[in-house]
Amino acid sequence: MNPGGQAEYMRRRVLRGLRIYFANRRWPRLIMSGVLAFAGGIGFLSSVAMLHARLEKMWLRYPLAVLVGWAAFLGLIRLWAALEARVVIADEEMEALCRTASDPGDGPEHGETFSTLCRHWFDVLSHAAPDGAEGCLIWIVVFGALLLVTLAGIYCVVIGAPVLIAEVFLDAILVTALYKRMAQLDRRWWLTGALERTAAPVLWTVLTLGLAGAAMHQIAPEAKSIGGFIRHIRAP
């Protein structure tokens, strides 16, 4: 086996062990849910701060808030990996675990799962409005698409938690600390894998929020937030 192939083989082998370990011995999906909630809170606060800074255009402010939340999410994932380094199990126990547990990375790619969910839910939305409901169709689609795409992104990130944390843990912690003896291991920057695993749901959410903000501005030009938009459409 050539050096490049050996390095890639070593990487796949270590990642498989880490995925199985995190899925069976830690609580990656529960912790990921907490990380997402915290990052979402940071994104919300950034939106409030931008509104106070006179950035009133929802089509711009909401996507920027998502990007701020994404940056916070990546930082929290890196911190999580550093904390996990204190309790990671020995190689021998991980090897035994690999022989008896299934690999959460054997399922479909999470990017494909996300795309499938989005297509399915957009099909549901397209048939959601009954005949004669054209006056309400625009805001139904706005909020329905916003909610469903956001939920689809959260679902896919949470389901893929063992895969994501395994890659970040390997590239940020093991390669530089615990696995120095693996000189031939394929080394990558930890942020590369994290971005690849989360880019699709984040970019879909950014696009959806941008379009939703533009649609809400067209319907209620005076609105500066979703609350203002709701008040506008509920007014007599």
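This is a predicted model: local features need pLDDT of at least 70, side-chain atom pairs count only at pLDDT 80 or more; totals for chains, interfaces and linings use all residues.
Residues are termed buried under 20% relative accessible area, exposed over 50%, and partly exposed in between. By this scale, Lys224 is partly exposed because its relative accessible area is 38%.

The protein contains nine helices and zero strands, so that the order of elements from the N terminus reads α-α-α-α-α-α-α-α-α. Buried residues account for 40% of the 236 residues. The accessible surface amounts to about 13100 Å², with 63% of that area belonging to carbon and sulfur atoms. Of the contacts between residues at least 6 apart in sequence, 84% connect residues at least 24 apart.

The mean pLDDT is 76, and 66% of the residues reach 70 or more. Among the elements, H2 has the highest mean value (93), whereas helix H5 (residues 110-126) has the lowest (51). Over residues 128-135 the pLDDT stays under 50, and the model shows one contact beyond four places in sequence for this stretch. The pLDDT is also below 50 over residues 177-181, a stretch that has eight contacts beyond near neighbours in sequence.

The largest nonpolar core comprises 41 residues, of which Leu18, Phe22, Met32, Phe73, Ile77, Leu164 and Val168 touch the most other members. At least two core residues are supplied by each of helix H1 (3-25), helix H2 (28-52), helix H3 (58-84), helix H6 (134-159), helix H7 (161-174) and helix H8 (190-219). The largest share, ten residues, is contributed by H3.

Trp59, Leu60, Leu64 and Leu67 make a nonpolar patch of about 320 Å². Leu60 is located in helix H3 and counts as partly exposed because its relative accessibility is 31%.

Three salt bridges were found in a search of the whole structure. Side chains of opposite charge can pair when their charged atoms come close. Glu84 is classed as buried because its relative accessible area is 3%, whereas Arg26, at 23%, is partly exposed.

A further salt bridge joins the side chains of Glu56 and Lys224 (3.2 Å, N to O). This pair connects the loop between H2 and H3, which holds Glu56, with the loop between H8 and helix H9 (226-234), which holds Lys224; the two residues are 168 residues apart. Glu56 is partly exposed, with a relative accessibility of 31%, and Lys224 is likewise partly exposed, at 38%.

Glu167 forms a salt bridge with Arg197, in which the closest N and O atoms are 3.1 Å apart. The pair bridges distant parts of the chain, with Glu167 in helix H7 and Arg197 in helix H8, 30 residues apart. Glu167 is buried because its relative accessibility is 10%, while Arg197 is partly exposed, with a relative accessible area of 30%.

The backbone at Arg54 was also examined. Arg54 has a phi near 75°, a positive value in a residue other than glycine. Arg54 is placed in the loop between H2 and H3 and is exposed because its relative accessible area is 68%.

Notes:
Residues are numbered from 1 along each chain as its sequence is written. Side-chain values use heavy atoms; hydrogens and water are left out. A nonpolar core is a set of buried Ala, Val, Leu, Ile, Met, Phe, Trp, Tyr and Cys residues joined through side-chain atoms within 4.5 Å. Buried means under 20% relative accessible area, exposed over 50%, partly exposed in between (1.4 Å probe, protein chains only). Helices (H or I, at least four residues) and strands (E, at least two) are DSSP runs, numbered from the N terminus. Patches are made of residues with over 30% relative accessible area and no salt bridge: like charges are joined within 9 Å, nonpolar side chains (Val, Leu, Ile, Met, Phe, Trp, Tyr) within 5 Å. Accessible areas come from the Shrake-Rupley method with a 1.4 Å probe; for residues, only the protein chains shown count as cover. A salt bridge is a side-chain nitrogen of Lys or Arg within 4 Å of a carboxyl oxygen of Asp or Glu. Contact means heavy atoms within 4.5 Å. pLDDT is the predictor's confidence in each residue, from 0 to 100.
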